[in-house]
Amino acid sequence: MENLISVYRFWLKKFIIYMDTTYNLNRDGYKLLVTGIHDRDHNFYPATFTITYKENSNAYLFTLKSIKNFVKQKYNLNFEPTHIVSDMSSTITKGSGYGWK
């Protein structure tokens, strides 16, 4: 999370977050939602890992709200990425919409 904050402070006006979910990692069918950022040298930094039973907009919404609350409480910063990059999944689009801000 420290990398997230340092990059966030540097790129405050152009903050981009990446979100994607992996499948078939275990026999129980849980999904791993990975959230991360990149720095200006294009190095990717994972910020959060969320294990969820279903990939739905609530999982993405929960993750984004959790990051926002954590960053506000620990660093007293407003977490408001300007862009969210994903694979065009409709659940990411719905979960990352205006509702989490």
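The accessible surface of the protein amounts to about 6700 Å², and carbon and sulfur atoms hold 52% of that surface. These values come from a predicted model. The protein has 101 residues, of which 35% count as buried. Among contacts with a separation of 6 or more, 53% are between residues 24 or more positions apart.

## Secondary structure and sheet

The protein contains 3 helices and 4 strands. Along the sequence, these elements follow the pattern α-β-β-β-α-β-α.

The 4 strands form an open sheet in the order S3-S2-S1-S4, and the pairing is mixed. At the edges stand S3 and strand S4 (83–85), each of which pairs on one side only. From one strand to the next, the twist averages 25°. Helix H2 packs on this sheet and touches S1, S2, S3 and S4. The direction of H2 makes about 140° with that of S1.

In general, the strands of a sheet pair through backbone hydrogen bonds, in either a parallel or an antiparallel manner. Here, S1 and S2 run antiparallel and are joined by 5 bridges. Aspartate 20 stands opposite valine 34, a residue of S2.

## Aromatic pairs

The structure holds 3 aromatic pairs. Two of them are described here.

Tyrosine 18 is partly exposed, at a relative accessible area of 25%. Phenylalanine 44 is likewise partly exposed, and its relative accessible area is 45%.

Another pair consists of tyrosine 30 and tyrosine 53, also edge-to-face, with 5.8 Å centre to centre and 70° between the planes. This pair links distant parts of the chain, 23 residues apart. Tyrosine 30 belongs to the loop between S1 and strand S2 (31–38), and tyrosine 53 belongs to the loop between S3 and helix H2 (57–75). Tyrosine 30 counts as partly exposed at 35% relative accessibility, whereas tyrosine 53 is exposed, with a relative accessible area of 53%. The two residues receive different labels because exposed means over 50% relative accessible area, while partly exposed covers the range from there down to the 20% limit for buried residues.

| Residue | Relative accessible area | Class |
|---|---|---|
| Tyrosine 18 | 25% | partly exposed |
| Phenylalanine 44 | 45% | partly exposed |
| Tyrosine 30 | 35% | partly exposed |
| Tyrosine 53 | 53% | exposed |

## Threonine 52

Threonine 52 lies in strand S3. Threonine 52 counts as buried, because its relative accessibility is 13% and the class applies under 20%. The side chain of threonine 52 reaches the backbone oxygen of lysine 54 at 2.8 Å. Leaving aside residues up to four places away in sequence, threonine 52 touches Tyr30, Lys31 and Ala59. One of these neighbours, Tyr30, is also a member of the aromatic pair with tyrosine 53.

Terms used
Residues numbered from 1 in each chain as written. Predicted model: local features only at pLDDT ≥ 70, side-chain atom pairs only at ≥ 80, totals over all residues. Heavy atoms only, no water. Phe/Tyr/Trp six-rings, centres within 6.5 Å; stacked < 30°, edge-to-face > 60°. Buried < 20%, exposed > 50% of the residue type's maximum accessible area, 1.4 Å probe, protein only. Helix = DSSP H or I, 4+ residues; strand = E, 2+ residues; numbered from the N terminus. Contact = heavy atoms within 4.5 Å. Areas by Shrake-Rupley, 256 points an atom, 1.4 Å probe, with all protein chains shown as cover. Pairing = 2+ DSSP bridges. Axes fitted to C-alpha atoms, helices over the stretch in contact; angles between N-to-C directions. Polar contact = N/O pair within 3.5 Å; in protein donor to acceptor, adjacent residues only side chain to side chain.
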